[in-house]
Amino acid sequence: MHVFHSVRSGILPCQSIETLIAGGAITSDTPFDADQVQPASLDLRLSDVAWRVRASFLPGRRKVEDRIADVAMHTIDLSDGVVLEKGCVYIARLQERLALPKGLIARANPKSSTGRVDVFVRLLTDAGASFDDVDEGYDGPLYLEIAPQTFSILVRPGTRLNQLRLKAGEPPKLETRSVGVDLQGGEVVGFRGRRHAGVIDLDNIDGHDPRDFWEPLTLRRGELLLDPGEFYILASSDAVEIPVDQAAEMTPIDPSVGEFRVHYAGFFDPGFGTDEAHGAGSKGVLEVRTHDTPFLLEHDQIVARLVYEPLTEKPTRLYGEGGSHYQKQGLKLSKHFKPW
């Protein structure tokens, strides 16, 4: 087994990910896309096979596909594009495969566009003890659990729903910042997903009319009432800035702060919201789902936390340099929708 040597512990930048691909530590069924390596993460792509399953699971000590045999309802060929229905659970094999060198671990998270359409996704590995985490030295295939919550989605081979971040050693937590919610940003303070909307084609960018899928929210008495089981898109009250030699992950709030959950899309890349990458003033977009009780949200109420970690070195390109849908964003729906 190869050993990954790094001068410092931290998250790997794009050039290190490209070195791992060149050395065969990360391989794929089809050639990698030109834009697949992000400043500090790698987008993962669906293959042509998935399964509709009756329950989510962790493989325990078994292989994922051995465990799927117990819970699969049917196998799905994604080749021509398939609608994954809301309220159902699927597992798809991904095109990428890992042979991690010693000294490296990996962690996955939904892409921001996935979280913004309320699709819950988690990475699975053979004999993996937890979702989204890949152990040091893991050698094997990758799978994705997909559970659309509000909208049914159209996917096909190559659709990217999540991303992988690689870490050398144990990166220190440099800072943890609280993230408040903006309920004073303008006439529309957020959006609520419409329950009986059509299908979102996840590869059709700017191709959907937002009014068919979203209801705009306005304030009453300076507060917003969140209804149980509904899905909301809101913005952070403060701008978010990620220094060029760091990356951040948004983490779920402690339940003691409120009966709701913020957090699907967790990764913020180096350069997000910075002058250097022409993104000063970018907000964090929050995907919020309430639990069992209605909840009154007030302006600037803390709803999430951003945890900052160092990179092993500065990336050769920054967030948004090649154009991004979310640099300089305020309150913004996913890239699948035309502007409101």
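Modeller: This is a predicted model.

Biologist: Where in the fold does Asp126 sit?

Modeller: Asp126 belongs to the loop that runs between strand E9 (119-125) and strand E10 (133-134).

Biologist: Which side chain of opposite charge is nearest to Asp126, and how far away is that side chain?

Modeller: The nearest is Lys63, at 5.1 Å. A salt bridge requires the nitrogen and the carboxyl oxygen to be within 4 Å. Asp126 is therefore buried without a salt bridge.

Biologist: Which backbone atom lies 2.8 Å from a polar atom of the Asp126 side chain?

Modeller: That atom is the backbone nitrogen of Val64.

Biologist: What is the phi of Asp132, and where does Asp132 lie?

Modeller: Asp132 also has a positive phi, of about 70 degrees, without being a glycine. With a relative accessibility of 12%, Asp132 is classed as buried.

Biologist: How should I read the salt bridges, and how many does the whole structure have?

Modeller: Begin with the total, then take the pairs one by one. A search of the whole structure gives 25 salt bridges. One of them joins Arg160 to Asp43, with 2.9 Å between the closest N and O atoms. This pair connects distant parts of the chain, 117 residues apart: Arg160 is in strand E13 (residues 160-168) and Asp43 is in strand E4 (residues 41-53). Both Arg160 and Asp43 are buried.

Biologist: What separates Asp70 and Arg67 along helix H2 (residues 64-71)?

Modeller: They are three residues apart in that helix, which means a separation of about one helical turn. Asp70 and Arg67 form a salt bridge, their closest N and O atoms being 3.0 Å apart. Asp70 is partly exposed, at 36% relative accessible area, and Arg67 is partly exposed at 23%.

Biologist: Which parts of the chain does the pair of Arg165 and Asp269 tie together?

Modeller: The salt bridge between Arg165 and Asp269 has its closest N and O atoms 3.4 Å apart. Arg165 is in strand E13, while Asp269 is in the loop between strand E22 (267-268) and strand E23 (283-290), so the pair ties together parts 104 residues apart in sequence. Arg165 and Asp269 are both buried.

Biologist: Last, the sheets. What holds strands together, and in what order do the three strands of the open sheet come?

Modeller: Strands of a sheet pair through backbone hydrogen bonds, in parallel or antiparallel fashion. Here the order is E6-E12-E16, in an open sheet with mixed pairing. Strand E6 (82-84) and strand E16 (200-201) are at the edges with a single partner strand each, so one side of each has no neighbour in the sheet.

Biologist: How does strand E12 (residues 153-155) run relative to E16, parallel or antiparallel?

Modeller: They run parallel, joined by two bridges. Ile153 has Ile200 of E16 as its bridge partner.

Methods: Residues are numbered from 1 along each chain as its sequence is written. This is a predicted model: local features need pLDDT of at least 70, side-chain atom pairs count only at pLDDT 80 or more; totals for chains, interfaces and linings use all residues. Side-chain values use heavy atoms; hydrogens and water are left out. Helices (H or I, at least four residues) and strands (E, at least two) are DSSP runs, numbered from the N terminus. Buried means under 20% relative accessible area, exposed over 50%, partly exposed in between (1.4 Å probe, protein chains only). Lys and Arg count as positive and Asp and Glu as negative; His and the chain ends are not counted. A polar contact is a pair of N or O atoms within 3.5 Å; within protein, one must be able to donate a hydrogen and the other to accept it, and residues adjacent in sequence count only if both atoms are side-chain atoms. Two strands pair if DSSP finds at least two bridges between them.
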